[in-house]
Amino acid sequence: FGTSHSSTDSRINALVAIRLQAVHGRGEIGLPPKKPGVYEADLADCTAIFSQWVAAVAAGPHDTLYDFFPAIAADGDAVMGVIRALFAALDQLPALDPRGPATYRAVRSGIESALWDLAGHHLGKPVYSLLGLPAAVRPGYFTVGLDTLDTMVRNALAGQRYTPFLKIKMDGDADKCIEILRVLRAAIFPNGFTGARPLWSIDANSAWTPATARAVLAALATDYPGLIYMVEQPFPYDVAAREADLAEWRAIKA
């Protein structure tokens, strides 16, 4: 599986599993190869930080910085009271502050996902309803890793068996990005794309320069109208510290 910053033939993800009486919740933490400022957690980090959270739970009770369930009263619901306490324990660890380093944000995300899943199973409601979101169907994307063109076509066609929505990994070579799109479109839409909604997204994993962005965006506007839903992570993760580039990226975004 290739991206602009790494290529691997195996991955290790962390599974967070929480059981409360007969109710369970699960969350997953993606652990790609470490990239400073972006992907900073590995399995050892997850294990260590999860253990810190368990210790904070045991040392409770705690007050929480956030009201995660404003529409759900804990009064008279012992299980929800415990789930609220589990959320509150997250806020006791500076390491799990959502504004903290990327190492900790990844772990917190996995724990929070498991707790939301736990609450949903207990209440018999989907998580989106607990969050106050509408019951709209959300597209699930199949990711096509960066590889040879033949392999990317093969993987994209395999993904079409499950979903028409594709996320396509790309690097900083504008000509290559445009060629990937041309070849994939020819394979999947040999008669051209005429869909009513965008089906693909592009993920550059922070590899583009302003020049790359301008070239690819121009091609999208001319040759791929209506097909691309979004461009994900086009600019460097530390672009805010690059004053000269920041102004140009703002102009591109506008």
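Strand S4 and strand S5 (residues 200-203) pair in the parallel sense over four bridges. Helices and strands here are DSSP runs numbered from the N terminus, a helix being H or I with at least four residues and a strand being E with at least two. Two strands pair if DSSP finds at least two bridges between them. The model is predicted, and local features need pLDDT of at least 70, side-chain atom pairs count only at pLDDT 80 or more, and totals for chains, interfaces and linings use all residues. Residues are numbered from 1 along each chain as its sequence is written, and side-chain values use heavy atoms, with hydrogens and water left out.

**The sheet**

The pairing of S4 with S5 belongs to an open sheet of four strands in the order S3-S4-S5-S6, with parallel pairing. S3 and strand S6 (228-232) are at the edges with a single partner strand each, so one side of each has no neighbour in the sheet. On average, neighbouring strands of this sheet are turned by 20 degrees against each other, direction ignored.

Two of the pairings have a named bridge:

| Residue | Bridge partner | Strand of the partner |
|---|---|---|
| Thr143 | Lys167 | S4 |
| Lys169 | Asp203 | S5 |

S3 (residues 142-144) is joined to S4 by three bridges, and the two run parallel. Along S4 (residues 166-169), Leu166 and Ile168 point one way, while Lys167 and Lys169 point the other way; all are buried. Buried means under 20% relative accessible area, exposed over 50% and partly exposed in between, with a 1.4 Å probe and protein chains only.

Ser201 has its place in strand S5. Ser201 counts as buried because its relative accessibility is 1%. Leaving out residues up to four places away in sequence, Ser201 touches Tyr141, Leu166, Lys167, Ile168 and Met230. Contact means heavy atoms within 4.5 Å.

**The helices**

Helix H5 (residues 149-159) lies across S3 and S4 and runs at about 175 degrees to S3. Axes are lines fitted to C-alpha atoms, for helices over the stretch in contact, and angles run from 0 to 180 degrees between N-to-C directions.

Helix H6 (residues 174-188) and helix H7 (residues 210-223) have axes that come within 8 Å and cross at roughly 25 degrees. That makes H6 roughly parallel to H7, a term for angles under 35 degrees. On the H6 side the contact is made by Ala174, Cys177, Ile178, Leu181 and Arg185, and on the H7 side by Thr212, Ala215, Val216, Ala219, Leu220 and Asp223.

How values were computed. Parallel < 35°, antiparallel > 145°, perpendicular 65-115°, else oblique.
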